[in-house]
Amino acid sequence: MQNTKPPFRADHVGSLLRPAALRQARDKRAKGEITPAELKAIEDREIERVIKKQEEVGLKAVTDGEFRRSWWHLDFLWGLDGAERHVMDTGIAFAAVTTRNEGVKVTGKLGSSLHPMIEHFKFVAAHTKVMPKITIPAPSAIYGRPLMTPIDKATYPTLDGFFADLGQAYRKAVRGFADAGCRYLQLDEVFIAMLCDPKYRRQMTDRGDDPAYLGELYGDLINTAMSDVPADMTITMHLCRGNYKSTFMGAGGYEAVQEILFNKINVHGYFMEYDDQRSAASSRCACCPRASRWCSAS
């Protein structure tokens with residue numbers, strides 16, 4: 001029997017390779033050679049094409065391939081009230097490459113009045129015959145990179161207020177998607193998975209954070225984010241250890257975070273890395289049988 005409600009047996013995590021026409025259009029827009037409206041027209045065309053392709057192969061849920069984004073996480077974070085684009089001194093080090101030197105900074109009180117990506121969801125919903133799915137970064141994405149996120153001290157003299165507002169901003173954003181008709185939303189979670197990596201945990205300790213506390217905090221933020229969703233809305237989580245130009249940020253098995261994943265977080269399903277040495281394939285038996293929710297590794 002096929003699932004009639006997500007997550008589906010044949011599903012995907014949302015992001016697809018950007019076609020050449022879209023990459024060229026983004027380069028032209030960056031140089032001022034085309035207008036924002038012209039870029040949007042090309043995005044619309046390529047998204048319609050990839051929606052049709054997903055439907056043709058039989059997927060029960062489709063995404064826009066994240067074709068309107070330059071990053072999996074930063075574009076969403078820049079759309080929150082109180083968050084802005086930040087040019088860093090250096091990028092983030094991956095196993096074989098360093099990322100572009102873009103990040104996010106918090107310059108005011110965090111919120112989500114009307115997130116612009118709600119319109120991205122509406123476009124997919126209007127152009128598919130199956131279930132439209134939206135993907136957004138989990139709340140940890142604003143804080144979990146090894147280089148500390150600049151946070152305005154006048155707005156947030158302590159981190160407690162920052163994290164409280166972050167959770168509420170996400171709750172409002174997720175509810176905004178729900179009110180627009182979204183019934184399948186995926187949280188992309190990297191920094192809980194990164195807590196599986198001893199090197200990353202040392203980096204966070206060295207900058208003054210407690211990795212054990214961060215894991216619990218990120219779990220609480222996810223539960224807050226999905227605390228106001230309709231009963232018929234499905235929230236899944238995609239876990240990975242970074243992916244930038246086909247290289248990775250971290251490695252390690254799930255033992256360090258299995259209690260948080262399977263006994264704390266209230267998501268309805270997981271998409272997990274588990275079948276290679278980098279994601280510690282041997283750890284699958286240690287964590288997945290304890291999960292009561294649908295899991296791609298089970």
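This is a predicted model: local features need pLDDT of at least 70, side-chain atom pairs count only at pLDDT 80 or more; totals for chains, interfaces and linings use all residues.
Let's start with helix 2 and its buried residues. They are Leu39, Ile42, Glu43, Asp44, Glu46, Ile47, Val50, Ile51 and Gln54.

What do the buried residues of helix 2 pack against? Three elements: helix 1, residues 20-30; strand 1, residues 61-62; and helix 4, residues 117-126.

Now the geometry. Helix 2 covers residues 36-56, so to speak 21 residues on one run. From first C-alpha to last, helix 2 reaches 30 Å. The expected figure, at 1.5 Å a residue, is 30 Å, and the helix comes close to that. Just after helix 2 sits Gly58, with a positive phi of about 100°.

Next, strand 7, residues 234-239. How many of its residues are buried? The count is 6 of 6, so to say the strand is mostly covered. Look at the two faces. On one side you have Thr234, Thr236 and His238. On the other you have Ile235, Met237 and Leu239. Both faces are covered.

Strand 7 has partners. Strand 6, residues 184-189, runs parallel to strand 7, and 6 bridges join them. Within strand 7, Met237 stands opposite Leu187. Then there is strand 8, residues 269-272. Strand 8 also pairs with strand 7 in the parallel sense, over 4 bridges.

On to the cysteines. Is Cys182 buried or exposed? Buried, because its relative accessibility is 0% and the cut-off for buried is under 20%. Cys196 has a relative accessible area of 8%, so Cys196 is buried under that cut-off too. And the disulfides? The count is 0. A disulfide is a covalent bond between the sulfur atoms of two cysteines.

Last, the whole protein. There are 10 helices and 9 strands. Of the 298 residues, 53% are buried. The accessible surface comes to about 13,700 Å². Carbon and sulfur atoms hold 51% of that surface. For contacts, take those with a separation of 6 or more: residues 24 or more positions apart account for 77% of them.

To recap two items. Helix 2 packs its buried residues against helix 1, strand 1 and helix 4. Strand 7 pairs with strand 6 over 6 bridges and with strand 8 over 4.

Technical notes: Residues are numbered from 1 along each chain as its sequence is written. Side-chain values use heavy atoms; hydrogens and water are left out. A disulfide is a pair of cysteine sulfur atoms within 2.5 Å. Buried means under 20% relative accessible area, exposed over 50%, partly exposed in between (1.4 Å probe, protein chains only). Helices (H or I, at least four residues) and strands (E, at least two) are DSSP runs, numbered from the N terminus. The expected span of a helix is 1.5 Å times one less than its number of residues. Contact means heavy atoms within 4.5 Å. Accessible areas come from the Shrake-Rupley method with a 1.4 Å probe; for residues, only the protein chains shown count as cover. Two strands pair if DSSP finds at least two bridges between them.
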